[in-house]
There are 6 protein chains.
Amino acid sequence: MYFHDRRLQFPVRVEKPDPRFARALQQAIGGVEGEIRVCLQYFFQAWGTASRGPAKYKDLLLNTATEEIGHIEMLATAVALNLEGAPLNEKEDAAKDLVGASVMNGMDMRHILSAGLAALPSDANGVPFDCSHIYASGNLAADMYANIAAESSGRVLATRLYNMTDDAGMKEMLSFLIARDTMHQNQYLAVIEDLGGVSAQLPIPNSFPQSKEVQDYNYAFVTNNVSGEPPMEGRWTSGPSIDGHGEFHVKQMVSEGDQVPVLKPSPPMGGGQVEHSADSPHGLVQQGMQIAKDILS
Amino acid sequence: MYFHDRRLQFPVRVEKPDPRFARALQQAIGGVEGEIRVCLQYFFQAWGTASRGPAKYKDLLLNTATEEIGHIEMLATAVALNLEGAPLNEKEDAAKDLVGASVMNGMDMRHILSAGLAALPSDANGVPFDCSHIYASGNLAADMYANIAAESSGRVLATRLYNMTDDAGMKEMLSFLIARDTMHQNQYLAVIEDLGGVSAQLPIPNSFPQSKEVQDYNYAFVTNNVSGEPPMEGRWTSGPSIDGHGEFHVKQMVSEGDQVPVLKPSPPMGGGQVEHSADSPHGLVQQGMQIAKDILS
Amino acid sequence: MYFHDRRLQFPVRVEKPDPRFARALQQAIGGVEGEIRVCLQYFFQAWGTASRGPAKYKDLLLNTATEEIGHIEMLATAVALNLEGAPLNEKEDAAKDLVGASVMNGMDMRHILSAGLAALPSDANGVPFDCSHIYASGNLAADMYANIAAESSGRVLATRLYNMTDDAGMKEMLSFLIARDTMHQNQYLAVIEDLGGVSAQLPIPNSFPQSKEVQDYNYAFVTNNVSGEPPMEGRWTSGPSIDGHGEFHVKQMVSEGDQVPVLKPSPPMGGGQVEHSADSPHGLVQQGMQIAKDILS
Amino acid sequence: MYFHDRRLQFPVRVEKPDPRFARALQQAIGGVEGEIRVCLQYFFQAWGTASRGPAKYKDLLLNTATEEIGHIEMLATAVALNLEGAPLNEKEDAAKDLVGASVMNGMDMRHILSAGLAALPSDANGVPFDCSHIYASGNLAADMYANIAAESSGRVLATRLYNMTDDAGMKEMLSFLIARDTMHQNQYLAVIEDLGGVSAQLPIPNSFPQSKEVQDYNYAFVTNNVSGEPPMEGRWTSGPSIDGHGEFHVKQMVSEGDQVPVLKPSPPMGGGQVEHSADSPHGLVQQGMQIAKDILS
Amino acid sequence: MYFHDRRLQFPVRVEKPDPRFARALQQAIGGVEGEIRVCLQYFFQAWGTASRGPAKYKDLLLNTATEEIGHIEMLATAVALNLEGAPLNEKEDAAKDLVGASVMNGMDMRHILSAGLAALPSDANGVPFDCSHIYASGNLAADMYANIAAESSGRVLATRLYNMTDDAGMKEMLSFLIARDTMHQNQYLAVIEDLGGVSAQLPIPNSFPQSKEVQDYNYAFVTNNVSGEPPMEGRWTSGPSIDGHGEFHVKQMVSEGDQVPVLKPSPPMGGGQVEHSADSPHGLVQQGMQIAKDILS
Amino acid sequence: MYFHDRRLQFPVRVEKPDPRFARALQQAIGGVEGEIRVCLQYFFQAWGTASRGPAKYKDLLLNTATEEIGHIEMLATAVALNLEGAPLNEKEDAAKDLVGASVMNGMDMRHILSAGLAALPSDANGVPFDCSHIYASGNLAADMYANIAAESSGRVLATRLYNMTDDAGMKEMLSFLIARDTMHQNQYLAVIEDLGGVSAQLPIPNSFPQSKEVQDYNYAFVTNNVSGEPPMEGRWTSGPSIDGHGEFHVKQMVSEGDQVPVLKPSPPMGGGQVEHSADSPHGLVQQGMQIAKDILS
């Protein structure tokens, strides 16, 4: 269960409101790289995956998930403060705009129409966040990589926002959020180490016996350049695999088994055209089967 | 540009069609852990992020993206083969079902209604894949972690499908896909190494000067347990950070600056209630401001 | 900012795990009537609308929003407990099912495939929650009615879940959630009273002068039954309006102004067919205009 | 069944086309506060909920649903008229724009690209309407509150559009739609009165016996301010409840039962990491269980 | 503007309610092949595209769009009637199910939980309809082909539903809807003929001068079979084109211009890794450029 | 299985980068009229519908699907090239903008924030593509009409983009894509002819016996103009039907059977209000039934 404190975790100041930057900040609230995503992702991992096994991983996740609510709160406040004094009609818009670049053109109109000058749970294009982005797979290592990925795209976004604005207040707030993302990237990598390290944890899931994998293919870099030329060399084309369980090598793509898939004719009541039906008098089906066979002969 | 070969990369056999397993396989086609996602993700990374800088990363991504089309093809074929002979109406359904567990109940009805016994680009619950899941951030390291995350959840899914079925043909196909996921996890970790390793690449993006971060917070594990008790110890509570740029330590959450956010009254034409308006005669707004101030006094 | 306590607000017990009921419970987590919705809705209202004007409304909303996180937590736990021992493959499924009604058929397959026997942020059909359902309009009265609507559909859902299960533990948890919904319906209606009551608050927004409304239509019940028969009588066909600002009366739908809308021909470079173009030599456009005029002559 | 008249219910005139206002109007067509939503919502309620019990409620809903189709039509016409003469290419755009504020920047590009200067069934940000917003719960009182909420946000939106434009024709059309929203708010509140009033109808659903609610919690305002200070006083903290069935009182949040949820280890074939598995040799699971127990001891 | 008649266009009878068939019918309401789609599609075409040019096309579309509302109504009624007596809890479900095939397993649980035994505006998997499927392009011929496509998939669906059920009432209703789809396919093809026929209308849009097309490619069937073998012969590989403006011929895919796309390095503040930055000291970028050039040399 | 060639199928040149045109081009990538849609649509048809019956249709589809990947690649490259030098912050934006029309206002901010100046798999409004638009019905003729519709809206879009830009490089690329759309429209119409022509293929599906249709309605143009006036004459009001199986005629809409649908009262545990319940003591239900009966008497 959860508690609140009506104060913010870190101050949010806006020196010069900018409705367009309000729109940009929305990406950090409701974008796929944003804070609603990580908040809910860590909660669902805590309540699912990490409620199994050692309790410390759940402790980690609950702390960070709870902190993230406060980050959404900070950003929602920042959006509202950037909208103070935004134009509500055409005259105001023209008046604010001495050089002709309309404020309304660059802002999210729904900040006026749907929210009354406050934040929305959507991204910089007004697309609402949807929870298909909450990864909580039941596998702790997979979840940690999902978290590292989320914090990486999140910090990339936050630095772009930092670079976009000249407002000292906004830069200060973003410096804080960027710092937290640094920690979060590190803490989720620390879980991998805590669990025994990359080699012990990979391939994920490590509970599936690798002896059941098709052996030729589990450490092969497959190329399919139509020219047949070899791939450019990289760490992935030769040498020991990162998990230490195999040896990287290059393999030109081939068709194992030479199978051309052919499906049975449509059943008579299957809604197909007569020409595809199992009881077709047209003979097309038989012809089709023949042609398919001919391909390989 | 791209070329096709009508043969499959690896054989797809179904010994005993099972419409319910066809539904389960849909998760590997159109689920967020599925093959449409990784295919398009690697393509957009190749055409964007990796078209900048050294060409070898694009070479890597184009090869794997192109291979993934063929994996969607294999899975789509597997779905169709599992649907051979599926019941199309109530009588057939009852006839197929000697012990009373209706086949139709467990299958995706849209396999009959919308696809005529073939695969759909949706997940095991019939939710269509949407491209908000394609991560191509313009930052190569962030993209690699997104790929590792995708391949981890993908391999977890594939092993669950392997464990779910008893069909030897399906197990064989999945053994191949699981092997490929092993390689893909390794190859994307190999890119991080190729770029200089975790310490050089983190925090992502490494182009933002860490001196601009709020220093107390970038390696602090923040706890907010209402009891005030210290967090459980883990690799993330003390010791050098994973990126080697700092030292992990624990910090109890506090409010820096003690700010309670208060917004200005709604503008007169802003669509609020009179009671929230800037020109409200009710005096409620002034009262509100006062109360807000009182909180901190 | 926010704090956590790793204990639940109210106990969650499951006497006999039921994977199908786990699926039903998902509607209360990620359905449009569910807890993620109300949680985020109250937060965004608190951070937006209610951060203007008297502070007590924000106090109300922050308390309830924060409580709702704990309700998602309880339900997520209930889902996971109902999935304990769920079948992971065909053999297990058959073994569990003595009379032929497959457990897998009725459960959400993604509970196995995507979550490893834990809750998902989606509804009973596996459709992920999306934040377009978060109403925070910047108008306090509109927001309160949105909250009453949410708590009404939420309590309807909770009682249906209560009626669906025979598990004493689940009934106990639902009795708690139903009680909270009762309070929440009452507290949001209490805000309307606190603001001065229905008559003072309606029509929402009350900051728009009703003198600007088209007067004949603001208290008229408009009927459009093609038979021309009068509407059935109800509280809405006569008598004083609920807001007390007008008198209900019945009005047969007519076309004010008799306008048949006609648009200009497509511009030459507008991507239309030649026949619709402004510079069409076919004369069809002119003909169309003529016909449109003839309709009213 | 339904009939049409090609004339509009109320005239739609645009004095000076404004492609940006066309975009704003989209919110009233395909936004969550818009007319497609209420139209379909009232239809589904009429065909479902209100087809049970007294026929007058269905009569009410069918009339209003049918009227709403005509409102979408009016708005779609208004969008198209505001797009007359919109620029189709860069030169036209520059020519129209004497002071440098590009028309194209502020408009919905899909009005050109996808619709050929006509309305789209999407909102002001181009997000298509989706029918998850159609509330038809099978409970008449819950549906009525959903309708009041929809008409409240709808009228808030319409007044914001009215305030945004200077076009006399658009203001006239919006004066009509605003008047209709006034009536609709009143008529749905009238249904609650018609059914016996708030006290008789609440808590919704009124068919669930309140004796089954956890009694301490159904009229308690629960606070979770971490400081432990009492909540600000409002109509909801003391006095009789709005439904008249209880007495409001304040309750500090506590954990009833002190339960820390712990899930069983992942089953061996569940796709988790070895470290979380039921047959893990690592002993971590046992350790985790122990730690979890220790929390409460 | 629009009118209603509370009677149905065609009778809806259900002899033996079947909650599973109720779920199947949902595809015809809220599926992409369903009636909400065609209803709104024809309305938006009527209000947009067909409000330009000759009035008869709008007359056609308004009539059919209005009819389609009544089809949604019929199907919504059919769903509700199929849900009469559906089980609401586990005991009822077991009681109804003599042979073990649970009714609840095959039905849409939201029919119980969210709708109270009535229709939802979603498909057979519970995915809500979304209006991105409304095609109204501003080009009359393109719209007609979109309509033919919709009516084709709609009639395929309706015949599959007809074949799925044994209920005489349901078969009768579907016989009516199937008949209407026959007419609708024909009437939209009739518009193409009315406009002058396929050759005059194609390629769509016919307002773009074909002289501006890259001439070698506008009637070439391009093959990219990696084996280089010629494509199978069909009507599309030789002979006059269907529009009569060209001659079909086969062309092996080649790279016109041999361009390997390379993007500039990431700008210094663009959020990329240092290694991709324009001012990178690593020299990797230059190396990348070189390698890219080498590919073609 | 599939192969790649790192060269583009056709050159992509941008003479003067234009971030706003980059946004417009997104519609051709991730819009419903765009290339991701046709690419995946043809693949799923090839792997499903066209894997039944004569092999030549699959050969056709695989070739074109594979070609379309290369078109997405071209457009993604075009987007990235149009973003070269786009402003990343407010100062750059102001500097680039001599006359006041901000570049940032017209561009997709996520091109900066989420993609680092590269393409996204979304439309011109930033809405991600979703795979519900992939039509692969299991009926070859229905699929072909879906393809013609897709290529028609696709070519309409491409010509609008051509008309929107003045960049010679972009016009050249679009001339190529427009040419391909011309071929694709023709080739899918050619399949209908190859299968025997419109009359043989219609109504789709042609495997359902037309004798089972309600005969009066399958070639009747139904009108529902409330004035009762006859419809405007067109090819669809008289003469032989396009499929040659019937005769067009006009029919005024009537209610066959005069059925007013009434549903049974809500079951006692169905979550409705008491007033709608089967065991209601209020007598309202009986009253409702009576009124419903009275309507028809």
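Reply: Let's start with a definition: a salt bridge is a side-chain nitrogen of Lys or Arg within 4 Å of a carboxyl oxygen of Asp or Glu. Side chains of opposite charge can pair when their charged atoms come close. Here, Lys251(E) and Asp216(E) form such a bridge through their side chains, at 3.9 Å from N to O.

Me: Before we go on, how should I read the numbering and the values?

Reply: This is a predicted model, in which local features need pLDDT of at least 70 and side-chain atom pairs count only at pLDDT 80 or more, while totals for chains, interfaces and linings use all residues. Residues are numbered from 1 along each chain as its sequence is written, chains are lettered from A and ligands numbered from 1 in the order in which they are written, and side-chain values use heavy atoms, leaving out hydrogens and water.

Me: Which parts of chain E does the pair Lys251(E) and Asp216(E) tie together?

Reply: For this you need the elements: helices (H or I, at least four residues) and strands (E, at least two) are DSSP runs, numbered from the N terminus. Lys251(E) sits in strand β4 (residues 247-252) and Asp216(E) in the loop between α9 (198-201) and β2 (220-223), so the bridge ties together parts that are 35 residues apart in sequence.

Me: Is Lys251(E) buried or exposed?

Reply: Buried means under 20% relative accessible area, exposed over 50%, and partly exposed in between (1.4 Å probe, protein chains only). Lys251(E) counts as buried because its relative accessibility is 19%. Asp216(E), at 49%, counts as partly exposed.

Me: Where do Arg6(F) and Asp59(B) lie?

Reply: Their side chains meet in a salt bridge of 2.8 Å, N to O. Arg6(F) is in the loop between β1 (2-4) and α1 (19-30) of chain F, and Asp59(B) is in helix α3 (residues 55-83) of chain B, so this pair joins two chains. Arg6(F) is buried at 9%, and Asp59(B) is buried at 4%.

Me: How many salt bridges are there over all chains?

Reply: The count comes to 78. Another of them pairs Asp258(F) with Arg7(E), at 2.6 Å from N to O. Asp258(F) is partly exposed at 36%, and Arg7(E) is partly exposed at 25%. Bridges can also be linked: Asp5(A), Arg7(A) and Asp258(B) form a network of salt bridges.

Me: What does Ala142(E) touch?

Reply: Contact means heavy atoms within 4.5 Å. Leaving out residues up to four places away in sequence, Ala142(E) touches Ser137(E), Ile204(E), Ser152(F), Ser153(F) and Val156(F). Ala142(E) belongs to helix α7 (residues 140-164) of chain E and is buried, with a relative accessible area of 3%.

Me: And where is Asp123(F)?

Reply: Look in the loop between α6 (109-113) and α7 (140-164) of chain F. Asp123(F) is buried at 6%, and its contacts beyond four places in sequence include Arg110(D) and Gln26(F).
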